[in-house]
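Colleague: Before I plan anything around this protein, could you take me through its model with some care?

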Amino acid sequence: MKTSTENTLAKVPEVTLGFWLIKIAATTLGETGGDAVSMSMNLGYLVGTVIFAAFFLLAVSVQIKAKKFHPFLYWVTIIATTTVGTTLADFADRSLGIGYAGGSSLLLTLLLGSLFIWHRTLGSVSVSTISSPQAEAFYWLTIMFSQTLGTALGDWTAGTAGLGYTGAAIVFSGLLTLSVAAYYWTNASRTLLFWTAFILTRPLGAVVGDFLDKPLSAGGLALSRYSASAALLAFMLIAILLFKQRAAKAMH
């Protein structure tokens, strides 16, 4: 029989400033880490996707089977979603020739479809309801789609739209700022604002990651993908320890 504490805790962290800082670092790591495997190691997008998809399935399986919230396991799973999102989006956009606009449209449809089916099935897409295996499955599937969409959207904004990495980062940072303003000064749905911010952090991380490791001729800093990934991972570890990650209170 479960204790009252177990009944009132979800298996995801509280949404705090620390959560968002770690999330942005994780999405940036997903970009540099995904590119390190597919590009720097010359394995290609398809092989990179297969590798990270296996990592994603393993991490999600362990996360769902866990009896309670574990900060490091949770963020490892987030990294798994963002790395597979990077290589999958690049494979669809570049190898399959769908293009950034086509890829973004397809992934947005999948993301909205996932949220719609989740809501119709369980009645809510709020993170405060993530306390059952079914809810977790929807949660991680939705996150994987959002991470993949973010990669395609970031590349489309920086490349096809011609904003460059810096311009795209300013755009997505501005949209995130508007989401924060809406949280504090409007009565907009907190669930809607959460998913809006969650989705926007991914293209922000994608363009920042590209800015760090792309060649100078392409508008990047030409940093090593390996060193950039290691630095981001170290930052995440420090932030997880510094900002105590507590399980969110579940709503039944």
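Predicted model: local features only at pLDDT ≥ 70, side-chain atom pairs only at ≥ 80, totals over all residues.

Modeller: Residues are numbered from 1 along each chain as its sequence is written, and side-chain values use heavy atoms, with hydrogens and water left out.

Colleague: Which residues have the most contacts inside the largest nonpolar core?
Modeller: A nonpolar core is a set of buried Ala, Val, Leu, Ile, Met, Phe, Trp, Tyr and Cys residues joined through side-chain atoms within 4.5 Å, where buried means under 20% relative accessible area, exposed over 50% and partly exposed in between, with a 1.4 Å probe and protein chains only. The largest such core has 46 residues, and those with the most contacts inside it are Tyr74, Tyr139 and Trp195.

Colleague: Which helix gives the largest share of this core?
Modeller: Helices (H or I, at least four residues) and strands (E, at least two) are DSSP runs, numbered from the N terminus. The largest share of the core amounts to nine residues, and these come from helix H6, residues 133–160.

Colleague: What is Tyr74 in contact with, leaving aside neighbours within four places in sequence?
Modeller: Contact means heavy atoms within 4.5 Å. On that basis, and with those neighbours left aside, Tyr74 is in contact with Lys11, Val12, Pro13, Phe19, Gln63, Phe69, Tyr139 and Trp140.

Colleague: What is the volume of the largest pocket?
Modeller: On a 1 Å grid over the protein atoms alone, a cavity is a set of points where a 1.4 Å probe fits but cannot get out, whereas a pocket is an open set with protein on both sides within 12 Å along at least five of seven lines, and lining residues have an atom within 4 Å of a point. Grid points are joined across faces, edges and corners, and a volume is the space filled by probe spheres set on the points. For the largest pocket the volume is about 760 Å³.

Colleague: Which element supplies the largest share of the lining of the largest pocket?
Modeller: The lining has 28 residues, of which Val15, Thr16, Trp20, Tyr183 and Phe194 lie nearest the centre of the pocket. At least two lining residues each come from helix H2 (17–40), helix H7 (164–185), helix H8 (190–213) and strand S2 (247–249). The largest share, eight residues, comes from H8.

Colleague: Is Pro203 buried or exposed?
Modeller: Pro203 is found in helix H8, where it touches Gly150, Leu153, Gly154 and Phe172, residues up to four places away in sequence not being counted. Although Pro203 and Ala152 are 51 residues apart in sequence, their C-alpha atoms are 7.7 Å apart in space. With a relative accessible area of 1%, Pro203 is buried.

Colleague: What is the relative accessibility of Ser146?
Modeller: Ser146 lies in helix H6 and, not counting residues up to four places away in sequence, touches Leu111, Phe198, Ile199 and Arg202. Ser146 counts as buried because its relative accessibility is 0%.

Colleague: Why is H2 described as largely enclosed by the rest of the structure?
Modeller: H2 has 24 residues and reaches 33 Å from its first C-alpha to its last, close to the 34 Å expected at 1.5 Å a residue, the expected span being 1.5 Å times one less than the number of residues. H2 is largely enclosed because, of its 24 residues, the number buried is 18.

Colleague: What covers the buried residues of H5?
Modeller: The buried residues of H5 are Gly103, Ser104, Leu107, Leu111, Ser114, Leu115 and Trp118. What covers them includes helix H4 (71–95), H6 and H8.
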